[in-house]
Amino acid sequence: MLSFLFYYLLKTPHAYKKAQEEVDRVIGRRKITVNDMSKLPYITAVMRETLRLKPTAPLIALHAHPEKNKEDPVTLGGGKYVLQKDEPIVLLLGKMHRDPKVYGPDADEFRPERMLDENFEKLPKNAWKPFGNGMRACIGRPFAWQEALLVVAILLQNFNFQMDN
């Protein structure tokens with residue numbers, strides 16, 4: 001994820017500048033602490049947007065719940081789709097995360113502002129699934145998230161990045 005994150009930041013100079021300014025304002029030159037993590041909303045949004053465009057898993061396969069769903073065949077979308085017994089549904093996360101009905105006409109563009117807390121909370125339920133789904137979602141998500149946030153902040157604090165040919 002980090003290589004894509006920095007690629008997107010470098011291809012979007014205003015986003016790189018905002019992320020750099022946030023680290024400079026919140027952390028400055030001192031060592032980062034756990035208390036700083038929640039004070040980096042723009043970097044959090046950059047990470048969410050990167051994972052929206054480049055999710056860690058390419059797809060999720062689902063089945064109708066065997067006890068909760070007694071319908072046979074199962075119909076979805078008001079009867080528009082029919083799901084036979086034991087037939088899986090495959091969600092292509094790269095497509096789902098670029099749905100213009102959810103993310104707007106610029107859904108293919110890197111725009112971290114769409115993933116700031118106030119906007120992120122307004123997304124439809126299950127519109128963002130880069131770590132998988134339900135009981136089988138990534139068990140290491142909180143740890144991975146904290147580590148990635150820490151690494152991004154430290155890199156932005158200590159280095160100035162630029163594109164190379």
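**Note on the predicted model**

1. Residues F4, L5, Y8 and L9 of α1 meet V46, M47, T50 and L53 of α3, where a contact means heavy atoms within 4.5 Å. This is a predicted model, in which local features need pLDDT of at least 70 and side-chain atom pairs count only at pLDDT 80 or more, while totals for chains, interfaces and linings use all residues. Residues are numbered from 1 along each chain as its sequence is written, and side-chain values use heavy atoms, with hydrogens and water left out.

2. Helix α1 (residues 2-11) packs against helix α3 (residues 41-53) at an angle of about 105 degrees, and their axes lie 9 Å apart. The two helices are therefore roughly perpendicular, a term that covers angles of 65 to 115 degrees.

3. As for the overall layout, the protein holds 7 helices and 4 strands, and from the N terminus on their order is α-α-α-β-β-β-β-α-α-α-α. Helices here are DSSP runs of H or I with at least four residues, and strands are runs of E with at least two.

4. Taken along the principal axes, the box filled by the C-alpha atoms is roughly 60 × 30 × 30 Å. Of the contacts in the protein with a separation of 6 or more, 73% are accounted for by residues 24 or more positions apart.

5. Of the 165 residues, 38% count as buried, that is, under 20% relative accessible area with a 1.4 Å probe, protein chains only. The accessible surface comes to about 10,700 Å², and 56% of that surface belongs to carbon and sulfur atoms.

Definitions and conventions. Buried < 20%, exposed > 50% of the residue type's maximum accessible area, 1.4 Å probe, protein only. Areas by Shrake-Rupley, 256 points an atom, 1.4 Å probe, with all protein chains shown as cover. Axes fitted to C-alpha atoms, helices over the stretch in contact; angles between N-to-C directions. Parallel < 35°, antiparallel > 145°, perpendicular 65-115°, else oblique.
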